[in-house]
Amino acid sequence: MAIKWCIIGAGGIADRRTIPAIVKDERCRLTAVMDKSPETAKRIGEKYNVPYFCDEAEMLENTDCDAVYIGTPVACHYDQAMTVLRFGKHLFMEKPVAMTANESKAIVDAFKQAGKQITIGYMMKYHNLHEQARKIVAEDGIGNVSDVRAQFSCWYPDIAGAWRQKKALGGGGAIMDLGVHCIELIEYVLNEEIVDVKSFYSTKTFSYEVEDGGVIIFKTKSGVLGHIDVNFNIPDNASESKFELYGEKGYVICKGTLGQEETGTLSHLYAPQGDYSAQQNRTVSEPQTFVGAGNDLYQKQIALFCQTLASGKPDYFYADRAVHVQEIIDKIYNEN
Ligand SMILES: NC(=O)c1ccc[n+]([C@@H]2O[C@H](COP(=O)([O-])OP(=O)(O)OC[C@H]3O[C@@H](n4cnc5c(N)ncnc54)[C@H](O)[C@@H]3O)[C@@H](O)[C@H]2O)c1
C-alpha cells in the first residue's frame, strides 16, 4: 500500500527537490499540498494535480495521509511539527529541527512518545563519497584522525523579505543554515560527537541582521580538532566546497561534495611514514581518486524513510543526532 504524503511549505526546496523525490518513489503517493502563499499552493497543487490548501490543519483534517513533509522557514517548524503529531502522522522535516535545542528536543521526544517516525532532512551523509569517507575512517584508512576542515558556502546577497536574513524567522545566518549540515556530516563521518566549540561570526558584506560568515572551531570526544567555514558572502565559483580529514597515516579530501548533488571527488592518500626523518626529505605519494555517483540525495532520503515506515519500527537515531547539532548551535550563538 502506498505511503500517502501531504506537504507543508511547497514552494522552495520542496518544489525543487523533495516533491519530485516523493513522486518518483513508487512506494509513495502525493495526496495534497499546503503553502501559506495562495499562489504557491495553487501552482504546486495544479502541477501535481492534487488538492491544495493554505492552512495545514485544514489540509490534514480533509486529507487521508500517512506522512507529512515540512519545508517551511525554521520558525514554523515547532508548531507545524506538533500539528502533524496531533493528527497522528509520521514526519519528514527539513533541517535544522527548530529554532533552539529545547524546541528540537521537545519535538523529537513528542514523536518518540507517540511512536511516530520523525526524520530530519540532513541528506549530505547519504552522498556516496561521504559514506566512503566514513568507511575509510572506520577501516583505519587514514589512521588516528587528528584534523578536520570543512568549507561550505552559498552566495546569498540582500533580498527584501527573505526569511533566512531575519533572526526571528531563521534563528541565525550562515551557521544556522549551512554550519548545521557540516556539523552533522562531520559527526557522521567520524562516528563521534563534537564536545566543544568556539566560534566567530559577523555580518561583513551584506546588511541583513544575521551573520553572512562564520568560523567554528571544535574538538571531538576523542580529541580530533577541526574548523568549519561557512559563508553567504563569497561567490559560489570562488568557494572550493572542501571537506578534509587528516590522520597519522594519510588524508581524505572531498572537493565539491558539500551541496545538494552527489557530485565532486574524493582523494584518499594512504602514506604511513614510520620513524622520524631528520633529513625531512618529502617523497610524493599518489592518492586514489573517486567520483560522486550522481544519484539523487533527496530520493535516497525518501527511500530510507519509506523503508523505516515499512519496518514498522520508528528509528530515532538521526533525529537525536539532529537535536545534538542544535545543542552545538545554541552553544555557538549563546556563548560567542
Ligand atoms: N536539505 C536541503 O538541501 C535544504 C535546502 C534548502 C532549504 N532547506 C530547508 O528547508 C526549509 C525551507 O527552506 P526553503 O529554502 O525551501 O525556503 P523558501 O522560502 O524557498 O520556501 C519556503 C516555502 O514555505 C512557504 N511558507 C512560509 N511560511 C509558511 C507557513 N507558515 N506555512 C506554510 N508554508 C509557509 C513559503 O511560501 C515558501 O513556499 C528550511 O528549513 C531550510 O533550512 C533544506
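This is a predicted model: local features need pLDDT of at least 70, side-chain atom pairs count only at pLDDT 80 or more; totals for chains, interfaces and linings use all residues.
Student: Why are H8 and H10 called oblique to each other?

Tutor: The axes of helix H8 (residues 174-190) and helix H10 (residues 317-335) come within 10 Å and cross at roughly 125°. Helices (H or I, at least four residues) and strands (E, at least two) are DSSP runs, numbered from the N terminus. Axes are lines fitted to C-alpha atoms, for helices over the stretch in contact, and angles run from 0 to 180 degrees between N-to-C directions. Angles under 35 degrees count as roughly parallel, over 145 as roughly antiparallel, 65 to 115 as roughly perpendicular and the rest as oblique. H8 and H10 are therefore oblique to each other.

Student: Which residues of H8 and H10 meet?

Tutor: Among them are Ile175, Met176 and Val180 in H8, and Tyr318, Arg321 and His324 in H10; contact means heavy atoms within 4.5 Å. The residues of this contact divide into eleven nonpolar, two polar and three charged. Here Ala, Val, Leu, Ile, Met, Phe, Trp, Tyr, Cys and Pro count as nonpolar, Asp, Glu, Lys and Arg as charged, and the others, Gly among them, as polar.

Student: What makes H4 roughly parallel to H5?

Tutor: Helix H4 (residues 74-86) and helix H5 (residues 101-114) pack at an angle of about 5°, with their axes 10 Å apart. That angle makes H4 roughly parallel to H5. The contact includes His77 and Tyr78 of H4 and Glu103 and Phe111 of H5. By class, it has ten nonpolar, one polar and one charged residues.

Student: How is H6 placed against H8?

Tutor: The axes of helix H6 (residues 128-138) and H8 come within 7 Å and cross at roughly 40°, which makes H6 oblique to H8. His130, Glu131, Ala133, Arg134 and Val137 in H6 meet Leu185, Tyr188 and Val189 in H8.

Student: What is known of the two domains and the area that they bury?

Tutor: An automatic or database domain assignment supplies the bounds: domain 1 (3-121 + 298-306) and domain 2 (128-291). Their C-alpha centres lie 29 Å apart, and 13 residues of domain 1 are in contact with 14 residues of domain 2. The domains bury about 990 Å² between them, 54% of it on carbon and sulfur atoms; buried area is the accessible area (1.4 Å probe) that two parts lose on being put together, summed over both.

Student: Where is Pro96, and what is the omega of the peptide bond from Lys95 to Pro96?

Tutor: That peptide bond is cis, with omega near -20°, and Pro96 is in the loop between strand S5 (90-93) and H5.

Methods
Residues are numbered from 1 along each chain as its sequence is written. Side-chain values use heavy atoms; hydrogens and water are left out.
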